[in-house]
Amino acid sequence: MDCIFCKIIAGEIPSAKIFENEWIYAFKDINPEAPCHILVIPKKHIASMDEITEENSVYVSKIFESIPEIAKLGGAENGYRVISNCGKDAGQTVFHLHFHVIGGTELPIHVFPEK
C-alpha cells in the first residue's frame with residue numbers, strides 16, 4: 001500500500017507524535033492552520049468516512065474518546081474544532097480517514113457563501 005499515513009504509523013516517515021495507543025495515532029500537521037493542529041488517524045487503513053462499517057467503527061469511537069486528551073496535549077485549552085473531509089470534492093487529499101483537531105486560538109466562524 002502506498003499510503004503516507006500508513007507509512008507514518010509504521011515509522012517509515014517521521015512525524016511529530018502527540019499521542020498513540022493500540023487504535024490510533026495523532027501527530028502535528030506539517031502545515032498548521034492554528035497553534036494546535038493535530039491529525040488523528042486510525043491505525044487500520046480506512047480510506048474515508050464512506051468506508052466506515054460496523055466492523056471498523058470501533059476505530060472512530062476510539063478516536064473520539066481520545067480527542068479531548070489529544071486537544072489538551074496540543075494546547076487547545078479553551079476549545080477546538082474537529083474536521084474531516086470526505087472525498088475529493090470536499091478537499092480530502094490523503095485517502096486515509098483522518099480528523100483535524102484545530103485550536104489554541106479563537107477560530108473564525110466560517111459562513112458558507114451565498115449561491
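1. Lys43 has a relative accessibility of 28%. This value falls between the limits of 20% and 50%, so Lys43 counts as partly exposed. Please bear in mind that the model is a predicted one.

2. Lys43 forms a salt bridge with Glu20, and their closest N and O atoms are 2.8 Å apart. The two residues belong to distant parts of the chain, 23 residues apart: Lys43 sits in the loop between strand 3 and helix 2, whereas Glu20 is in strand 1 (residues 17-20). Glu20 is partly exposed as well, with a relative accessible area of 35%.

3. Which other residue pairs with Glu20 in a salt bridge? The partner is Lys17, and here the closest N and O atoms are 2.9 Å apart. Lys17 has a relative accessible area of 47% and is partly exposed.

4. A search of the whole structure gives four salt bridges. One of them joins the side chains of Glu65 and Lys62, at 3.8 Å from N to O. Both residues lie in helix 2, three residues apart, which is about one turn of the helix. Glu65 is exposed, with a relative accessible area of 52%, because the limit for that class is over 50%. Lys62, at 25%, is partly exposed.

5. The loop between strand 3 (36-42) and helix 2 also holds Asn56. Is Asn56 buried or exposed? Its relative accessibility is 8%, so Asn56 counts as buried, the limit being under 20%. A polar atom of the Asn56 side chain lies 2.7 Å from the backbone nitrogen of Thr53. Leaving out residues up to four places away in sequence, Asn56 touches Lys44, Ile46 and Glu51.

6. The largest nonpolar core has 17 residues. Those that touch the most other members are Ile24, Ala26, Ile38, Val40, Ile63, Ile70 and Val101. Two or more residues each come from strand 2 (24-28), strand 3, helix 2 and strand 5 (99-103). Helix 2 gives the largest share, six residues. Another core lies apart from this one; it has eight residues, including Ile8, Tyr25, Phe27 and Ile41.

7. What does Ile63 touch beyond the residues up to four places away in sequence? Its contacts are Ile24, Val40, Ile41, Pro42 and Phe99. Of these, Ile24 and Val40 are named, like Ile63 itself, among the core residues that touch the most other members. Ile41, by contrast, is one of the residues of the eight-residue core.

8. Ile67 has its place in helix 2. Its relative accessible area is 2%, so Ile67 is buried. With residues up to four places away in sequence left out, Ile67 touches Tyr80, Val82 and Val101. The C-alpha atoms of Ile67 and Cys86 are separated by 19 Å, and the two residues are 19 places apart along the chain.

9. Phe64 is also found in helix 2, which covers residues 57-73. Is Phe64 buried or partly exposed? At a relative accessible area of 41%, Phe64 is partly exposed. Apart from neighbours within four places in sequence, Phe64 is in contact with Val82 and Phe99. The C-alpha atoms of Phe64 and Ala76, 12 residues apart along the chain, are separated by 15 Å.

10. Phe64 is part of a nonpolar surface patch, which it makes together with Tyr80 and Val82. The area of this patch is about 250 Å².

Definitions and conventions. Residues are numbered from 1 along each chain as its sequence is written. This is a predicted model: local features need pLDDT of at least 70, side-chain atom pairs count only at pLDDT 80 or more; totals for chains, interfaces and linings use all residues. Side-chain values use heavy atoms; hydrogens and water are left out. Patches are made of residues with over 30% relative accessible area and no salt bridge: like charges are joined within 9 Å, nonpolar side chains (Val, Leu, Ile, Met, Phe, Trp, Tyr) within 5 Å. Accessible areas come from the Shrake-Rupley method with a 1.4 Å probe; for residues, only the protein chains shown count as cover. Helices (H or I, at least four residues) and strands (E, at least two) are DSSP runs, numbered from the N terminus. Buried means under 20% relative accessible area, exposed over 50%, partly exposed in between (1.4 Å probe, protein chains only). A polar contact is a pair of N or O atoms within 3.5 Å; within protein, one must be able to donate a hydrogen and the other to accept it, and residues adjacent in sequence count only if both atoms are side-chain atoms. Contact means heavy atoms within 4.5 Å. A nonpolar core is a set of buried Ala, Val, Leu, Ile, Met, Phe, Trp, Tyr and Cys residues joined through side-chain atoms within 4.5 Å.
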